[in-house]
Amino acid sequence: MKVAIDAMGGDFAPQENVLGAIEALKEYKDKNLEIILVGNKDQILEFLPQDYSDTLNIKIHNTTEVIEMDDHPAAAVREKKDSSLVVAARLVKDGLCDSFVSAGSTGAAVAASLLILGRIKNIERATIATPIPNPAGTTLLLDSGANVDSKPKHLLQSAIMGSIYAEHILKISNPRIGLLNIGEEESKGNKQALETLPLLKNLDRNKFNFIGNVEGRDITNGSVDVVVCDGFVGNVVLKFGEGLAYTILQILREALETGSILTKIATFFLLPAMRSLKKKFDYAEFGGAPLLGVNGGCIICHGSSKAKAIKNAIRVAAEFKENDVLNNISKSIAAEEKKEI
């Protein structure tokens, strides 16, 4: 199992990317991992032990360019052909790696995947599937930013891909699929939602469990496993959720710092529950979000990912290959296309 890491992508590159790779190799020995660190060799070597070639299953693929966060995604992918991100994607395209992981520019990761890996046959749009915690486990939100203008058929394909990913990677049996809307009633919603609903209702009930329209609150209450929407809405939902979680933690921290002695005593007993809550909402636990629909494994990490998040993203990349997600998506999409003819 070979995973390429865009070692120069992210706020803490290359240090945290390298440390995450080392942690992954130590923790996931059962996956027979080999990691290719793609980036500036001299900078990467600063964070590897001197005997890494003897003790760690790591190779370095030297590159001379980096795609910056303020670069235009598609233009940068075309112009910076020796960038760590582009070369990592190329290694997957050429069959030298099974998947790649990047904490760099999301737009550039999407562009590189589409331009280099290409889409799975019959897939019209790729989609970013982001795991979000709920009281019972995880809800998969897609699309969370790859496409800001989606047609009903794109949302149909997102539902199929999301269901397959939820079943094989998140280990959710018969995942419940919901269409994000402003109400549960079938008569509600904009033109996109109204035209998408009958397509989802027509999915094969033996393979896909579509439960109807869902609302924003359902994303986090555990009543649905896969939530489908276009990338504009999904990205707004995702960023709002991140901001709300941060604000709540800040309010709690300030209350504890300025509270009475009784508040501080109560806090002592609440600490285990608070740590558990923090862990549940920690994006590092999920590692990254897969870009589904492209012809290869692409795991997109948060820009501020540290070693723990990179480690878990590598695990997701390995499981993506182990569970043959690409082939399962391809078969299901082909079956849906055949049904329409």
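Visitor: How many bridges join strand 1 to strand 2?

Guide: This is a predicted model, in which local features need pLDDT of at least 70, side-chain atom pairs count only at pLDDT 80 or more, and totals for chains, interfaces and linings use all residues. Residues are numbered from 1 along each chain as its sequence is written, and side-chain values use heavy atoms, with hydrogens and water left out. Strands are DSSP runs of E of at least two residues, helices runs of H or I of at least four, both numbered from the N terminus; strands pair if DSSP finds at least two bridges between them. Strand 1 (residues 2–6) and strand 2 (residues 34–39) run parallel, and the bridges joining them number 5.

Visitor: Which strands stand at the edges of the sheet?

Guide: The open sheet has 7 strands, with mixed pairing, in the order 3-2-1-4-12-11-5. Each edge strand has a single partner, so one side of each is left without a neighbour in the sheet; these are strand 3 (58–62) and strand 5 (127–128).

Visitor: Are helix 1 and helix 12 oblique or parallel to each other?

Guide: The axes, lines fitted to C-alpha atoms over the stretch in contact (heavy atoms within 4.5 Å), come within 7 Å for helix 1 (residues 15–27) and helix 12 (residues 307–322), crossing at roughly 50°. Angles run from 0 to 180 degrees between N-to-C directions; under 35 degrees counts as roughly parallel, over 145 as roughly antiparallel, 65 to 115 as roughly perpendicular and the rest as oblique. Helix 1 and helix 12 are therefore oblique.
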